[in-house]
Amino acid sequence: MDNNGNLILTEGLVLQEEKIWKEFLGKNILTKSNSCELYFEEKDIESFIQKLERLYPSIQYVNKLMTPDWGQKVIRFYDLDGNLIEVGTSMQ
């Protein structure tokens, strides 16, 4: 389903157009290996973080666990290949 710049694929995978990011960030996107974000949802995010830190103690965080205004708990970090990963609790 094409939802105004967000392409929603099967199994909940969503691809977002660059223009959406530009509007959200309020600036141009720098194209490099970590210029996009992979997003996942996790029911038990605290257990996920414990496992992440146990398996990868030197993980580089963008932000540790936080709760933005919209109420979802999220964490962002770089995987071992430098990809930006966001894991959050379900929005439902």
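Which residues make up the largest nonpolar core? The core has 9 residues: Ile45, Ile49, Leu52, Ile59, Tyr61, Ile75, Phe77, Ile85 and Val87. The elements that each supply two or more of them are α2 (45-55), β6 (74-78) and β7 (84-88). Helix α2 gives the most, with 3 residues. In general, nonpolar side chains of soluble globular proteins tend to be buried together.

Leaving aside residues up to four places away, Leu52 touches Ile59, Tyr61 and Phe77.

**Confidence**

This is a predicted model. Its mean pLDDT is 83, and 87% of the residues reach 70 or more. Among the elements, α2 has the highest mean pLDDT, at 97. Strand β1 (residues 2-3) has the lowest, at 64. Where pLDDT is low, the predicted coordinates should not be read in detail.

**The aromatic pair**

The count comes to 1 aromatic pair. The ring centres of Phe48 and Phe77 are 6.4 Å apart and the planes stand at 35°, so the pair is tilted. Phe48 lies in helix α2 and Phe77 in strand β6, so the pair ties together parts that are 29 residues apart in sequence.

The two partners compare as follows.

| Residue | Relative accessibility | Class |
|---|---|---|
| Phe48 | 24% | partly exposed |
| Phe77 | 6% | buried |

Why does Phe48 count as partly exposed? Its relative accessibility is 24%, and buried means under 20%. Phe77, at 6%, counts as buried, and Phe77 is one of the core residues.

Terms used: Residues are numbered from 1 along each chain as its sequence is written. This is a predicted model: local features need pLDDT of at least 70, side-chain atom pairs count only at pLDDT 80 or more; totals for chains, interfaces and linings use all residues. Side-chain values use heavy atoms; hydrogens and water are left out. A nonpolar core is a set of buried Ala, Val, Leu, Ile, Met, Phe, Trp, Tyr and Cys residues joined through side-chain atoms within 4.5 Å. Buried means under 20% relative accessible area, exposed over 50%, partly exposed in between (1.4 Å probe, protein chains only). Helices (H or I, at least four residues) and strands (E, at least two) are DSSP runs, numbered from the N terminus. Contact means heavy atoms within 4.5 Å. pLDDT is the predictor's confidence in each residue, from 0 to 100. Rings of Phe, Tyr and Trp (its six-membered ring) pair if their centres lie within 6.5 Å; planes under 30 degrees apart count as stacked, over 60 as edge-to-face and the rest as tilted.
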